[in-house]
Amino acid sequence: AYWVKKMLNVSKAGHGGTLDPKVTGVLPIGIENATKIMNYISKGGKEYVCVMQVHCEYDKEELTKIIKSFEGEIYQRPPVRSSVKRRLRVRSIYDIEILDMDKKLVLFRVSCDSGTYMRKLCHDIGIIYGCGAHMRELRRTRSGIFTESTNLVKLHDLSEAIYLYKNCKDETELRRVLMPMEYATCEMPKLIIEDSAVNALAYGAQLAVPGIVAYQNFKRNDTVAVL
């Protein structure tokens, strides 16, 4: 986020969920006013592809059974190297798909809650198997609604887009890289309000039924996007 802020010369930039050192993949970054909705993105589900190294020769069927047993609600204490307080937490793992097993390496895909540590998951799998295991490589393939196929760009791509805009007056690449902040609300129920209600709402007034043009179904305590 710091490099994006510096390259674009903006006052604010914030990310939707940290990536540990040496971890690659999807990291949504909000610019200026879009930083306000990064909190909702960071709480969205995550998907990872992980390479785990087991510390001994293993039985494939037995290890598969142990890995699949981690689906559902699990207890996790963040690892020592993490940036959050190390207290016991409950996280949900929705699905674990084993993609390949080769010698001591296991490749698998995990769909899980935000804040689930893959490093800790590999460590715990190794403990239950009995000989230990650790995470070798990790790539985040999804963060909330954003995936590798949504609009994944490298810092080099951003740098080139900025160069084209500043020096060639060509904003095509920059428009591809910078997405409207409404994309981040794709999974939220929507409330469409009257133009006349916008100003009052922006100054803290409560939204009344006459100000609503259309809406999608939602229930009490849901987060909704007002457009």
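**View 1. Residue classes in the lining of the second largest pocket.** The lining has nine nonpolar, nine polar and seven charged residues. Nonpolar here covers Ala, Val, Leu, Ile, Met, Phe, Trp, Tyr, Cys and Pro; charged covers Asp, Glu, Lys and Arg; the others, Gly among them, are polar. The model is predicted: local features need pLDDT of at least 70 and side-chain atom pairs count only at pLDDT 80 or more, while totals for chains, interfaces and linings use all residues. Residues are numbered from 1 along each chain as its sequence is written, and side-chain values use heavy atoms, without hydrogens and water.

**View 2. Centre and sources of the second largest pocket.** A pocket is an open set of points on a 1 Å grid over the protein atoms alone, where a 1.4 Å probe fits and protein lies on both sides within 12 Å along at least five of seven lines; lining residues have an atom within 4 Å of a point. Of the 25 lining residues, Thr18, Tyr48, Gly115, Tyr117 and Arg140 lie nearest the centre. Strand 8 (133-143) gives the most to this lining, three residues. Strands (E, at least two residues) and helices (H or I, at least four) are DSSP runs, numbered from the N terminus.

**View 3. The largest pocket.** About 970 Å³ of space lies here, a volume being the space filled by probe spheres set on grid points joined across faces, edges and corners. Among its 32 lining residues, Leu27, Pro28, Ile29, Val153 and Val177 lie nearest the centre. By class, the lining has 25 nonpolar, five polar and two charged residues.
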